[in-house]
Amino acid sequence: MAYFLPSAFAAAILGFLAVSDPRVLEVSAGMGSASAAKWLGDHYNRYENKKVYDPEEALNWFKRAADLGNVDALYEIGDLHFRALVKGHTYKTAFEYYRRAADAGHLGGMHQTAILGEVGLGTDKNLRAAERWYKKAIELGNTSTEFNLALLYFQNPEEFSADKVSDAVTKLQDHAKRGDLSSIFALANAYVNGAVLAKDVERGLAMYKEYAEKEPYFGHAVLGELYLSGAVVKPDYQKALNHFRKSIDSGNQGSYYSLAEMHEFGLGVEQDYSKAAQYYGKSIDAKSFGGLTNLGILYRDGKGVERDYEEAIRLFKRAEELEIRGGSANLGWMQLQGLGTPKDASKGLAMIEAAAEEEDAYGAYYFAQFLEEGVIVAQDLDRARELYRIAGDRGNYPAKQALKRLEKAQKTCGSPTKEKAGRRCPAFPYQ
């Protein structure tokens with residue numbers, strides 16, 4: 001006599017077996033059971049169970065499940081890459097799997113596809129596509145996505161109709177009155193930057209501080225960046241330092257990146273390349289990958305660490321794979337100079353120029369130096385100033401200093417010819 005179990009009951013049994021004896025499920029998965037393979041992926045993906053937690057093994061089983069048609073497994077693969085839990089992780093791969101899950105009707109996949117498309121992470125930035133995916137997820141019952149859609153309209157008023165933006169403002173203000181932290185943060189950002197709402201820096205700072213009291217992990221990091229950059233408030237390195245330390249104390253190891261920058265460039269602290277390298281390393285360990293480029297430069301220049309071109313190139317390549325700023329530009333620099341790799345000035349220059357055209361902070365800074373000096377490329381001081389400004393606005397501190405120096409020189413020398421610049425306004429030596 002044959003017995004057939006209801007699907008829900010069968011799934012419950014699979015769940016029990018996944019915890020008690022995964023070997024049984026391995027046999028089932030080997031026979032083509034997508035559910036068994038998915039359960040095995042979940043089994044090895046349980047972080048709280050340190051005895052079995054193995055993201056790489058989880059990835060293998062999720063891939064098996066996905067190949068067998070399990071849509072949830074597609075989402076999980078995307079998530080492992082997005083959260084940088086597996087070797088060779090990239091945002092591009094995360095987006096690919098999220099998108100495949102979304103196309104198959106997975107609500108979480110739709111939500112994540114919209115988010116990555118909104119910010120241009122792992123894919124080209126596409127606000128209209130993000131809007132479509134948010135709306136589709138909402139239509140299929142994921143009401144929590146409504147907030148993300150409101151934020152999309154609120155943060156991009158130039159891209160959407162006035163009615164959509166106005167409705168979004170009303171929703172966020174209502175949520176903020178009820179204590180919703182995400183709404184408080186969004187409104188604070190709008191007041192500080194004068195986007196959508198009339199600029200009111202003091203009110204914005206007050207709201208940021210309200211946010212940080214309840215969400216110190218991220219809130220203090222944001223306040224630290226405000227006081228460090230000086231873009232909207234007067235720079236105050238001591239306040240920045242205090243906020244970053246509070247963020248770290250609350251568990252945000254990613255804030256070590258900002259501490260590293262302060263020590264690398266001597267901003268409010270004594271310049272210390274060794275500490276900078278140490279802190280960049282900690283931020284990378286915490287999956288704050290912006291530090292890859294900065295640490296690579298320290299290895300390239302032998303500052304705070306022993307000079308190691310091979311390690312520098314490894315870090316730059318990893319940054320490039322993750323589409324982190326500066327990865328490609330710095331690989332181009334190594335190629336241009338022949339550092340740790342065969343010299344190819346033409347290829348290296350092309351890589352740097354391409355990065356500059358994309359307004360990458362490092363590409364813009366390096367190419368501005370070439371334009372200022374007028375040796376590798378024809379001198380163009382106006383374009384150099386423009387690129388220094390772009391790089392500085394994106395947080396490149398040497399570019400900020402170079403812009404000040406160049407503008408000061410121009411006040412003294414006017415608009416010099418190349419020959420005159422060489423005599424009276426010598427170009428700043430590039431690193």
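At what angle do the axes of helix H4 and helix H5 cross? In this predicted model, the axes of H4 (residues 55-67) and H5 (residues 71-82) cross at roughly 150 degrees and come within 8 Å. This briefing covers that helix pair, then a pocket, then one arginine of the pocket lining.

**Helices H4 and H5**
- Two packed helices are described by the angle between their axes and the distance between the axes.
- The crossing of H4 past H5 is left-handed.
- On the H4 side, the contact is made by Pro55, Leu59, Phe62, Lys63, Ala65 and Ala66.
- H5 contributes Ala73, Leu74, Glu76, Ile77 and Leu80 to the contact.
- Sorted by class, the contact of H4 with H5 has 9 nonpolar and 2 charged residues, and no polar ones.

**The second largest pocket**
- The second largest pocket holds about 210 Å³ of space.
- Its lining includes His89, Gly281, Asp285, Phe289, Leu292 and Arg318.
- Helices H16 (273-285), H17 (291-301) and H18 (309-321) each give two or more residues to the lining of this pocket.
- H18 provides the largest share of the lining, with 4 residues.
- The lining has 5 nonpolar, 5 charged and 2 polar residues.

**Arginine 318**
- Arginine 318 lies in helix H18 and is one of the residues lining the second largest pocket.
- The relative accessible area of arginine 318 is 16%, so this residue counts as buried, the cut-off being under 20%.
- Apart from neighbours within four places in sequence, arginine 318 is in contact with Gly88, His89, Thr90 and Leu292.
- Among these contacts, His89 and Leu292 also line the second largest pocket.

Note on methods: Residues are numbered from 1 along each chain as its sequence is written. This is a predicted model: local features need pLDDT of at least 70, side-chain atom pairs count only at pLDDT 80 or more; totals for chains, interfaces and linings use all residues. Side-chain values use heavy atoms; hydrogens and water are left out. Axes are lines fitted to C-alpha atoms, for helices over the stretch in contact, and angles run from 0 to 180 degrees between N-to-C directions. A crossing is left-handed if the near helix is turned anticlockwise from the far one by less than a right angle, and right-handed if clockwise. Contact means heavy atoms within 4.5 Å. Ala, Val, Leu, Ile, Met, Phe, Trp, Tyr, Cys and Pro count as nonpolar, Asp, Glu, Lys and Arg as charged, and the others, Gly among them, as polar. On a 1 Å grid over the protein atoms alone, a cavity is a set of points where a 1.4 Å probe fits but cannot get out, and a pocket is an open set with protein on both sides within 12 Å along at least five of seven lines; lining residues have an atom within 4 Å of a point. Grid points are joined across faces, edges and corners, and a volume is the space filled by probe spheres set on the points. Buried means under 20% relative accessible area, exposed over 50%, partly exposed in between (1.4 Å probe, protein chains only).
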